[in-house]
Amino acid sequence: MIDPETNEDFDERPVFNEEIDTEAIETSVRAMLAAFGENPDREGLVNTPKRVARMYPELLSGYRTDVEKLVNGAVFNVTYDDMVIVRDIEYFSLCEHHILPFMGRAHVAYIPNSQVLGLSKIPRIVDMFSRRLQVQERMTRQIADFINDLLHPQGVAVVVEGLHLCAMMRGVRKHDARMTTSTMLGTFRKSINTRQEFLDHLNRGAEPLRI
Ligand code: ZN
């Protein structure tokens, strides 16, 4: 998949996996404040670099999620093959083009082959991929691929809705900068009926996304 803004191939990029250097963030934020023409030593700003530096490890914790721990003991063998749907999973992410938040809801479905994942783990998987510098399309794909590789189900569907502050606050100031992305794998891609069953379920009682 190609990033329309940078023309880079998403999948070819290295995965950042180092510890976050909070000291370097602190220094950089202080330099940014000065570059804005502000006085970094005034009362309201003097602790801002430290606060920002402490915030990023949480906002970007998805890089350091322990996958083994995440799925450990939560994959179960089953004999049924009914569609499993977890909808309205709230997420917060940072767009990698502007380091501004985008946020919304993710909806995940899969049809088991012989294994299912504990339901509480699905929001954790969404967190793992959203708490990174992201683009919504890639995040959607990564959630679907992860579940696909983990459970080898008959199919996986992921729909992500997002509101992007970088589109709402700047440029054309689209206040309704809502974006929907989806990845359909296996039966969800092959069968219109299966896909429609999932989408019908999402449309039932859906509330519009707002901040
Ligand atoms: Zn952006």
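**Entry 1**

I began with Ile 99, which is partly exposed at a relative accessible area of 43%. I note at once that the model is a predicted one. Ile 99 sits in the loop that joins strand 2 and strand 3. I looked up the backbone there and found a positive phi of about 50°, although Ile 99 is not a glycine. For background, I recorded that most residues other than glycine have a negative phi.

I then turned to Asp 88, another non-glycine residue with a positive phi, in this case near 60°. Asp 88 belongs to strand 2.

**Entry 1**

Cys 95 is buried, with a relative accessible area of 5%. Cys 166 is likewise buried, at 10%. His 98, at 28%, is partly exposed, because the buried class ends under 20%. A search for cysteine sulfur atoms within 2.5 Å of each other gave me a count of 0 disulfides.

**Entry 2. The nonpolar cores**

The largest nonpolar core holds 31 residues. The residues with the most contacts inside this core are Val 108, Tyr 110, Leu 117, Ile 122, Ile 125, Ile 143 and Ile 147. Several elements each supply at least two of the core residues, including strand 2 (84-95), strand 3 (101-111), helix 4 (121-130) and strand 6 (155-164). Which helix gives the most to this core? I found that helix 5 does, with 6 residues.

Apart from this core I located another, made of 11 residues, among them Ile 20, Val 29, Ala 53 and Tyr 56. As a general remark, nonpolar side chains in soluble globular proteins tend to be buried together.

I followed Ile 143 in detail. Leaving aside residues up to four places away in sequence, I found that Ile 143 touches Val 108, Ile 125, Val 126, Phe 129 and Val 158.

**Entry 3. Aromatic pairs**

How many aromatic pairs does a search of the whole structure find? The search returned 3. In one of them, the ring centres of Phe 129 and Phe 146 are 5.9 Å apart and the planes stand at 65°, so I classed the pair as edge-to-face. Phe 129 is in helix 4 and Phe 146 in helix 5, so the pair ties together parts 17 residues apart in sequence. Phe 129 and Phe 146 are both buried.

I recorded Phe 188 and Phe 198 as an edge-to-face pair, with 5.9 Å from centre to centre and 75° between the planes. Phe 188 belongs to helix 7 (residues 187-190) and Phe 198 to helix 8 (residues 192-203), so this pair ties together parts 10 residues apart in sequence. I noted finally that Phe 188 is buried, as is Phe 198.

How values were computed: Residues are numbered from 1 along each chain as its sequence is written. This is a predicted model: local features need pLDDT of at least 70, side-chain atom pairs count only at pLDDT 80 or more; totals for chains, interfaces and linings use all residues. Side-chain values use heavy atoms; hydrogens and water are left out. A nonpolar core is a set of buried Ala, Val, Leu, Ile, Met, Phe, Trp, Tyr and Cys residues joined through side-chain atoms within 4.5 Å. Buried means under 20% relative accessible area, exposed over 50%, partly exposed in between (1.4 Å probe, protein chains only). Helices (H or I, at least four residues) and strands (E, at least two) are DSSP runs, numbered from the N terminus. Contact means heavy atoms within 4.5 Å. Rings of Phe, Tyr and Trp (its six-membered ring) pair if their centres lie within 6.5 Å; planes under 30 degrees apart count as stacked, over 60 as edge-to-face and the rest as tilted.
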